[in-house]
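Student: I have a protein model open on my screen, and I'd like to learn how to read it. Can you walk me through it?

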Amino acid sequence: MDRSLSPKFCRKDAFAYFVQQLPILGTTKGLLRATAAIALHALPSSQPAIVEERLEGIALRVLGRVKSKQVSARLAHLHDVLFAEERFAGNTDEYYTADNSYLPKVLESKRGLPILLALVYKVVAERCGLTVEGLNSPGHFLVRVKTDEGWMF
């Protein structure tokens, strides 16, 4: 690693993993891996590959249920798995706890900050063939999904 990029206040392995993602940071994969790198700084035992495997497993569960090529079918199964079965939701009881900011912890507890929940949604949805975009709005972070009728927020 270039010494000019040597971190002063970050774990070296987490920083190196984050820097590796910079060329692809504009992609969902790059964003996911950069988020995992941030968690790696605070949670040295976290494993970015495990995070990706867990999200891939959720996507495969969704896809295993879809019997139609319709976007609405994929979307319905996605929502069923993420919200009814996995029970992902914002952590309204302990909103300011640091664990809400670390993707491995969010995947364990199913609670987190809206921006991380949006990332989970985006990663899983895109692996299911859906088109998803993040939307910044005052005090919130949302996603929109492309459906046959247009964008759904």
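This is a predicted model: local features need pLDDT of at least 70, side-chain atom pairs count only at pLDDT 80 or more; totals for chains, interfaces and linings use all residues.

Student: What's the general idea behind a core?

Tutor: In soluble globular proteins, nonpolar side chains tend to be buried together. Here, the largest nonpolar core has 31 residues, and L55, L78, F88, V120, Y121, V124 and L130 touch the most other members. At least two residues of this core come from each of α3 (48-65), α4 (71-85), α5 (103-109), α6 (114-127) and β4 (140-147).

Student: Which of these gives the most to this core?

Tutor: That's α6, with 9 residues.

Student: And what does V120 touch, if I skip residues up to four places away in sequence?

Tutor: Look for L55, L82, F88, L103 and L107.

Student: Now the loops. Does S46 count as buried or exposed?

Tutor: Check the relative accessibility: under 20% means buried. S46 has 12%, so S46 counts as buried. You'll find S46 in the loop between α2 and α3. Leaving out residues up to four places away in sequence, S46 touches A39, L40 and P104.

Student: Where is L25, then?

Tutor: L25 sits in the loop between α1 (12-21) and α2 (28-42). Its relative accessibility is 32%, so L25 counts as partly exposed.

Conventions:
Residues are numbered from 1 along each chain as its sequence is written. Side-chain values use heavy atoms; hydrogens and water are left out. Helices (H or I, at least four residues) and strands (E, at least two) are DSSP runs, numbered from the N terminus. Buried means under 20% relative accessible area, exposed over 50%, partly exposed in between (1.4 Å probe, protein chains only). A nonpolar core is a set of buried Ala, Val, Leu, Ile, Met, Phe, Trp, Tyr and Cys residues joined through side-chain atoms within 4.5 Å. Contact means heavy atoms within 4.5 Å.
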